[in-house]
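Here is a short briefing on selected local features of one model. Please have the sequence and coordinates open while reading.

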Amino acid sequence: MCELYFRNEGLRWKARKGQTLLEAAVEAGISPDAPCGGKGSCGKCRVRVNGEPMLACQTKAADGMEIDTLWEREQDTQILTEGHTEDRKKTIVNPGTLPGDVKDPLLAAADVGSTSVVVYLMDARTGRELAVRSMLNPQRQYGADVVERGNYVLKHGPEQLYRCIRRAVSDLLAQAAETAGRTAEDIVRVALVGNSCIHHLFLGLPIDTLVKAPYDPVVKGALKLPAAKFDVRIHPQGEILWLSNIGGFVGADTVGGILASRIYEKEKPTLLVDIGTNGEIVLGDRQGLMACSTAAGPAFEGARITCGMRGTEGAIDKVWLENGKFSWHVIGEGEPKGICGSGLLDATACLLRLGKLDETGRMEEQTVSFTEQVYLNQRDIRELQLAKAAICAGIRLLCSHRGIEVDEIDTLLIAGAFGNYMNPASACAIGLLPPELENRILSIGNAAGEGAKMAVLNQEEFKRSSRLSEETRFVELALERNFQDVYVEELLFPEEEE
């Protein structure tokens, strides 16, 4: 064994010889960032060891090391908790027969996202929201996206990933209960949503068929399970509800979004898009729904971008032009430490407007600087192209399946954290979203969380969510003959109109 000292955390830790500093930090409960899963390719696990800069995932622990962690502070991260759909507020409280014998029972909902986890606590009698708590998903230390995490599980087994996410949900439930002046044992039922991989990792289900062909969940149907079996620390007889999966990586979070947005009641074709490391897209109306997922990758979260970071203090989150030059806003109003996804979109749109970036993605100069420490380079633009092409190709292929032109879409509903903070004009300018829909975009916030709340408050909504998932047609883009052609077309940036 060798003793390490993590200076920022004031923590001394006994690490095993041969361990990397990243592995030691995970075991010590520090929850570092490792978007590439510890391969050494993303550079986000930078630390200083006795004053020398190193990558934690590539540095072996040795006795006497003093380590300065340079990771983003979780408390500074912007986590979206609110939804902007009115239907949830109108939900009739009818949870059905509740387990346990609690005088004033509590209900909860959890949106377990790839990046963050949000828990909502509600009064089971009135439906009134009592507390909201959130944190970054601790699974991020095993990879930024579900593919990286899936590969980690195939190599090392699932135990670390399901243990840390169950503990995270339990901790947030306890914190929410304490905030409301109650205890976690007063919570008798929790509804959860998350994509198919998160669902499987939480429940300890095998993920082989998700990360390899046929890319299909082992379990799709809605579940009602004893909370104690999955180490969710609520009432001893408490239950967890998992909403249904649709197919592939289109999971219960998308079903929650469908439920909250009421897209299935719309008179005209409507798009629901949740942009993240795994982008989910739903197209439909009262005539029917179809859905797909796209492997957008973590560029929108700042991963794989040279100076990229999440939407935390120090991140450039908005960029615009003044007299032909960049101006920007920094979260927290201080000096820039990096750039987050919304800033990346704005900056790219500005480069296109200035003519310093052509439609193929070639930059006029290899680097565009904001400060000496914060800049964009050609590789960053290529990462963004891959991500934005995946989303827009998915939209266009769903329209093709429906037999409509993109311009026939009445409304484009944007769900999720990234969509909440991005500038729709920039998203359309770079071709992340079809430019013809720019004036039809509406942000609806955390629709997945809203749907989970509706499902736990009303048993009919939970049943409806199950029917909706069964009735939604899943389109596996990987099996589409023309997906590659459409994807390559969408790699190009739209040409600036004269």
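E333 is exposed, with a relative accessible area of 63%. The model is predicted.

**Positive phi**

- Most residues other than glycine have a negative phi.
- E333 sits in the loop between β16 (325-330) and β17 (338-339).
- D231 also has a positive phi, about 60 degrees, without being a glycine.
- The loop that holds D231 runs between β10 (223-226) and β11 (239-242).
- D231 counts as partly exposed, because its relative accessibility is 42%.

**Open sheet**

- An open sheet is built from 5 strands in the order β2-β1-β5-β3-β4, with mixed pairing.
- The edges are β2 (11-15) and β4 (52-55); each has a single partner strand, so one side of each lacks a neighbour in the sheet.
- From one strand to the next, the twist averages 35 degrees.
- Strands of a sheet pair through backbone hydrogen bonds, either parallel or antiparallel.
- β3 (residues 46-49) pairs with β4 in the antiparallel sense, over 4 bridges.
- Within this pairing, R48 has P53 of β4 as its bridge partner.

**Helix contact**

- Helix α6 (residues 252-261) and helix α11 (residues 447-457) have axes that come within 7 Å and cross at roughly 75 degrees.
- The two helices, α6 and α11, are therefore roughly perpendicular to each other.
- From α6, the contact uses D253, G256, G257, L259 and A260; from α11, it uses A447, A448, E450, G451, M454 and A455.
- By type, the contact residues of α6 and α11 are 6 nonpolar, 3 polar and 2 charged.

**Aromatic rings**

- The structure has 6 aromatic pairs.
- One of them, F202 with W242, is edge-to-face, at 5.8 Å centre to centre and 65 degrees between the planes.
- This pair links distant parts of the chain: F202 is in helix α4 (residues 196-203) and W242 is in strand β11, 40 residues apart.
- F202 and W242 are buried.
- F483 and Y487 have ring centres 5.7 Å apart and planes at 25 degrees, so this pair is stacked.
- Both F483 and Y487 belong to helix α13 (residues 483-491), 4 residues apart, about one turn of the helix.
- F483 and Y487 are both buried.
- F326, W328 and F370 form a cluster linked by ring pairs.

Key. Residues are numbered from 1 along each chain as its sequence is written. This is a predicted model: local features need pLDDT of at least 70, side-chain atom pairs count only at pLDDT 80 or more; totals for chains, interfaces and linings use all residues. Side-chain values use heavy atoms; hydrogens and water are left out. Buried means under 20% relative accessible area, exposed over 50%, partly exposed in between (1.4 Å probe, protein chains only). Two strands pair if DSSP finds at least two bridges between them. Axes are lines fitted to C-alpha atoms, for helices over the stretch in contact, and angles run from 0 to 180 degrees between N-to-C directions. Angles under 35 degrees count as roughly parallel, over 145 as roughly antiparallel, 65 to 115 as roughly perpendicular and the rest as oblique. Contact means heavy atoms within 4.5 Å. Ala, Val, Leu, Ile, Met, Phe, Trp, Tyr, Cys and Pro count as nonpolar, Asp, Glu, Lys and Arg as charged, and the others, Gly among them, as polar. Rings of Phe, Tyr and Trp (its six-membered ring) pair if their centres lie within 6.5 Å; planes under 30 degrees apart count as stacked, over 60 as edge-to-face and the rest as tilted.
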